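Please look over the structure shown here before reading on.

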Amino acid sequence: MIKNLFTTKPNIRSLKLYVSIGLIFLFFSFLDVFLNSLFDINLTFFFSDFISFFLPLTLGYIGFYSIRIEQTGNIFLDTINKKINSTSFNSVLTLLSFFAIIKYSPPLLSWLVFDANISGSTKEDCTGDGACWVFIKVWFKRFMYGMYPNAEQWRINTAFLILFTSIGSVYFVPEKYKNYLISFSILGFPLIAFLLIYFLISGGSFGLEWVETGAWGGLSLTFIVSFFALIFCFPIGIFLALGRRSSLPVIKYSSIGFIEFWRGVPLITVLFMSAVMFPMFLPDGTYMDKLVRAIIAITLFESAYMAEVVRGGLQALPRGQYDAAKSLGLGYWRMNLLIILPQALKLVIPGIANTFLALIKDTPLIFVVGLLEIAGMIGLAKTNPKWLGMATEGYVFAGAVFWVICFSLSRYSQNLEKKLSTER
Amino acid sequence: MSNEIIKLKAVNKWFSDFQVLKDINLSVNQKEKIVICGPSGSGKSTLIRCINRLEEHQEGSIVVDGTEISAETKNIELIRADVGMVFQQFNLFPHLSILDNCTLALIWVKKLPKKKAEELAMKNLTRVQIDDQALKFPGQLSGGQQQRAAIARALCMEPKIMLFDEPTSALDPEMIKEVLDVMVDLAKGGMTMIVVTHEMGFAKEVADNMIFMDEGRIVEKAKTKDFFDNPKSDRTKLFLSQIL
């Protein structure tokens with residue numbers, strides 16, 4: 001029996017034997033790593049360093065080898081074998097990943113959670129070894145609203161509440177009015193958003209105190225900039241994409257020129273130009289707010305990328321779709337709006353989402369024109385003499401906030417893709 | 001001839017420096033059925049695509065229903081709306097249901113109210129016997145059903161002329177018949193038809209005139225019976241001997 005064990009491959013006839021041997025090996029393999037990384041105990045101190053280092057991997061490898069038996073009938077075992085233990089190479093990868101998780105998650109968790117400080121209101125309250133979330137707590141309002149006066153922050157809250165409710169209410173629109181939805185989202189939303197921002201956030205009328213855009217900041221500014229850049233860069237991108245494929249040379253070459261120009265310059269220089277050079281071209285006495293200039297700069301920049309994404313979709317459509325649309329008597333605009341774009345845009349939803357995410361993550365660059373959104377506010381807060389050395393906490397927080405925003409957008413785009421799919 | 005609906009006169013066309021159509025002269029009367037055959041690359045598809053200007057011709061004149069078609073033609077869409085076309089690859093719009101495929105042009109080109117457009121679409125879908133598939137998407141239909149839907153879509157516009165560009169070439173043998181049946185039915189209804197096809201049985205049954213093309217020229221144009229029974233040119237004889 002024991003002799004067979006080492007000469008034959010693990011097989012289903014002696015399933016129990018092989019599985020128990022495998023589990024024992026795996027147990028010791030993980031136990032060694034576990035004790036080693038958490039409690040600094042080396043079970044195999046009596047071996048030389050080299051052997052001791054590779055022992056868990058070897059044990060785990062033997063363990064996984066013994067349980068790699070096909071179609072045992074045990075669902076759990078079969079799943080493991082199929083997903084993470086299909087070949088020797090995969091089993092080694094599995095082991096290394098598990099070891100890495102066991103080794104690195106405890107220090108990470110203890111920094112993030114267990115040893116972290118959340119009570120108190122000054123840097124001195126952070127006595128533990130972990131992260132000092134007090135920093136985030138104290139500066140939270142600044143990270144959300146920038147330098148917007150504390151007493152007026154309800155205005156931002158109200159504005160965003162109204163905006164998000166109106167976006168959310170789209171889901172509850174009765175089927176009858178679905179046709180008006182598109183025109184509403186193209187014309188209505190930007191208008192509502194603009195009015196809200198102009199009258200409520202900016203103020204200056206209806207007895208509301210005027211707050212200059214330089215004071216806006218934090219996450220709310222991230223939203224404002226991304227929102228407007230997103231809704232404007234999308235249609236501009238579509239027109240540029242159509243323009244680039246136009247048969248009229250003037251339109252075609254001006255589109256190409258526009259796209260290649262904006263794709264060729266870094267965003268940070270564009271923003272800088274918008275702040276420094278652009279006002280020089282304006283006639284005397286006219287003035288354009290620097291936030292508006294920044295939004296225009298980002299919009300033009302991203303619309304060039306959007307154009308190329310959309311063009312990819314246009315090129316992916318078979319020529320027959322154009323032929324069929326033309327043969328039914330549809331003119332250029334109807335053909336594109338009713339037949340070509342709905343299909344092309346559906347094809348490039350992943351690319352559009354990509355551009356949108358890139359746009360949102362590009363917004364911190366508006367610091368070059370003196371506008372501080374969330375990452376910018378963190379950059380400012382960490383240089384405060386009372387809060388020196390808090391950069392890690394700040395940027396981890398900013399990263400988490402951006403991740404949440406971008407991940408939800410990404411999920412939304414995946415849902416949209418599924419919803420619009422008409423394949424069988 | 002007063003009831004002449006299509007007239008091509010000395011039409012030449014080049015793809016860069018390759019001449020695809022050479023001195024094409026052709027006239028089609030109302031209610032006439034013409035079948036065009038010939039080896040691949042002989043310019044058959046290009047010829048009928050020129051008739052609704054999916055391709056542009058460089059020389060000669062094409063007159064459809066009294067309107068000359070050229071680069072100067074205003075409102076080419078209006079002419080296209082009167083010329084129905086059915087393609088080898090069906091070219092249904094995959095993002096719209098079969099019903100929406102049919103009503104789209106009625107609503108946006110002919111400006112019919114939605115309800116009327118749907119009635120007309122259902123009438124034509126019934127005519128090609130796929131009214132039960134109206135709410136499905138093209139991807140859910142078989143090839144034969146898709147091609148019949150494409151015919152219905154073209155019929156909805158109530159065209160004066162129907163162009164068929166190898167309508168059965170992309171179909172399984174089993175599905176060819178159901179499409180041909182619809183076309184035979186259409187022919188009997190008095191539609192003016194120009195059909196590019198290799199289905200000689202269909203040609204014998206419905207065609208008034210046969211055209212044989214080779215290397216961009218019309219080699220032979222004859223009454224269907226004469227064409228099959230005693231073709232004049234050797235090239236036609238060779239072609240017929242190979243496909244019959």
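Predicted model: local features only at pLDDT ≥ 70, side-chain atom pairs only at ≥ 80, totals over all residues.

Residues are numbered from 1 along each chain as its sequence is written, chains are lettered from A and ligands numbered from 1 in the order in which they are written, and side-chain values use heavy atoms, with hydrogens and water left out.

The size of an interface is often given as the accessible area lost when the parts come together. Between chain B and chain A the buried area is about 2,100 Å², and carbon and sulfur atoms give 60% of it; such area is what two parts lose on being put together, summed over both, with a 1.4 Å probe. B:Phe93, B:His95 and B:Trp108 supply 25% of the area that chain B buries against chain A, more than any other three residues. Chain B brings 25 residues to the contact and chain A 20 residues, where contact means heavy atoms within 4.5 Å.

The two chains have 2 salt bridges between them, a salt bridge being a side-chain nitrogen of Lys or Arg within 4 Å of a carboxyl oxygen of Asp or Glu. B:Arg49 and A:Asp323 meet in a salt bridge, at 2.8 Å from N to O.

Within chain B, B:Asp65 lies in the loop between strand S4 (59–64) and strand S5 (67–69); helices (H or I, at least four residues) and strands (E, at least two) are DSSP runs, numbered from the N terminus. Which residue forms a salt bridge with B:Asp65? The partner is B:Lys160, with the closest N and O atoms 2.7 Å apart. This pair links distant parts of the chain, 95 residues apart, with B:Lys160 in the loop between helix H5 (143–156) and strand S7 (161–165). B:Asp65 counts as partly exposed because its relative accessibility is 33%; buried means under 20% relative accessible area, exposed over 50%, and partly exposed in between (1.4 Å probe, protein chains only). B:Lys160, at 39%, is also partly exposed.

In chain A, A:Arg311 forms a salt bridge with A:Glu308 at 3.0 Å between the closest N and O atoms. Both residues lie in helix H13 (residues 290–316), 3 residues apart, about one turn of the helix. Both A:Arg311 and A:Glu308 are buried.

Finally, A:Phe54 is found in helix H3 (residues 49–67) of chain A and is partly exposed at 37% relative accessibility.
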